Amino acid sequence: MLKERAAEATIGWLRLIGREVKEGVKSGELSPWADPRAVASVVVATLEGAVMLSRLHGDPAHMQRAVRHLKDNLRSLARESEHDGTSRPDDELGGPGTRR
């Protein structure tokens, strides 16, 4: 029962983040190379890992580092960060091989 509830919650977060990324690409706010599934997966996995580490070690620094890292990576997907719009960024949130 707990596993199913946790799976439902993460699916909800993955869908929500994926929709937001898709909308950002559609509106031109995000690079066309931003892969909604990849971004959602990395965001959820990073935050879940940070929660676990912060609780396990009683240290909120793990969450703070994760949030800082995610912010930097998400900023890199902003349309303005593209140098000429012709090549794909090579990062874990939307680089080559992540978009299908």
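Predicted model: local features only at pLDDT ≥ 70, side-chain atom pairs only at ≥ 80, totals over all residues.
User: Is Asp 35 buried or exposed, and how do you know?

Analyst: The relative accessible area of Asp 35 is 8%. Buried means under 20%, so Asp 35 is buried.

User: How do you know that the length of H2 agrees with its number of residues?

Analyst: At 1.5 Å a residue, the 22 residues of H2 should span 32 Å. The end C-alpha atoms of H2 are 32 Å apart, so expectation and model agree. Just after H2, Gly 58 takes a positive phi of about 60 degrees.

User: What do the buried residues of H2 pack against?

Analyst: They pack against H1 and H3. Among the buried residues of H2 are Val 39, Val 43 and Ser 54.

User: And Leu 56, what makes it exposed?

Analyst: Leu 56, which is part of helix H2, has a relative accessible area of 61%. Exposed means over 50%, so Leu 56 qualifies. Together with Met 52 and Leu 53, Leu 56 makes a nonpolar surface patch of about 300 Å².

User: Moving on to H3, how do you know that its span agrees with its residue count?

Analyst: The 16 residues of H3 (residues 61–76) should span 22 Å at 1.5 Å a residue. The end C-alpha atoms of H3 are 23 Å apart, which agrees. Ala 61, Ala 66, Leu 70 and Asn 73 are buried in H3, and H2 is part of what covers the buried residues there.

User: Why is Leu 70 called buried?

Analyst: Its relative accessible area is 6%. With buried set at under 20%, Leu 70 therefore falls in that class. Leu 70 touches Val 42, Val 43, Thr 46 and Leu 47, not counting residues up to four places away in sequence. Leu 70 and Thr 46 are 24 residues apart in sequence, yet 8.0 Å apart in space, C-alpha to C-alpha.

User: What class does Leu 74 fall in, and why?

Analyst: Leu 74, also found in helix H3, has 36% relative accessibility. Buried is under 20% and exposed is over 50%, so Leu 74 counts as partly exposed.

User: What makes Asp 72 and Arg 75 a salt bridge?

Analyst: Their side chains meet at 3.2 Å, N to O. A salt bridge needs a side-chain nitrogen of Lys or Arg within 4 Å of a carboxyl oxygen of Asp or Glu, so the pair passes. The structure holds 1 salt bridge.

User: Why are Asp 72 and Arg 75 about one helical turn apart?

Analyst: They are 3 residues apart in helix H3, which means a separation of about one helical turn. An α-helix has 3.6 residues a turn, so residues three or four places apart point the same way.

Conventions:
Residues numbered from 1 in each chain as written. Heavy atoms only, no water. Buried < 20%, exposed > 50% of the residue type's maximum accessible area, 1.4 Å probe, protein only. Patch = residues over 30% accessible without salt bridge, like charges linked within 9 Å, V, L, I, M, F, W, Y side chains within 5 Å. Areas by Shrake-Rupley, 256 points an atom, 1.4 Å probe, with all protein chains shown as cover. Helix = DSSP H or I, 4+ residues; strand = E, 2+ residues; numbered from the N terminus. Expected span 1.5 Å × (residues − 1). Contact = heavy atoms within 4.5 Å.
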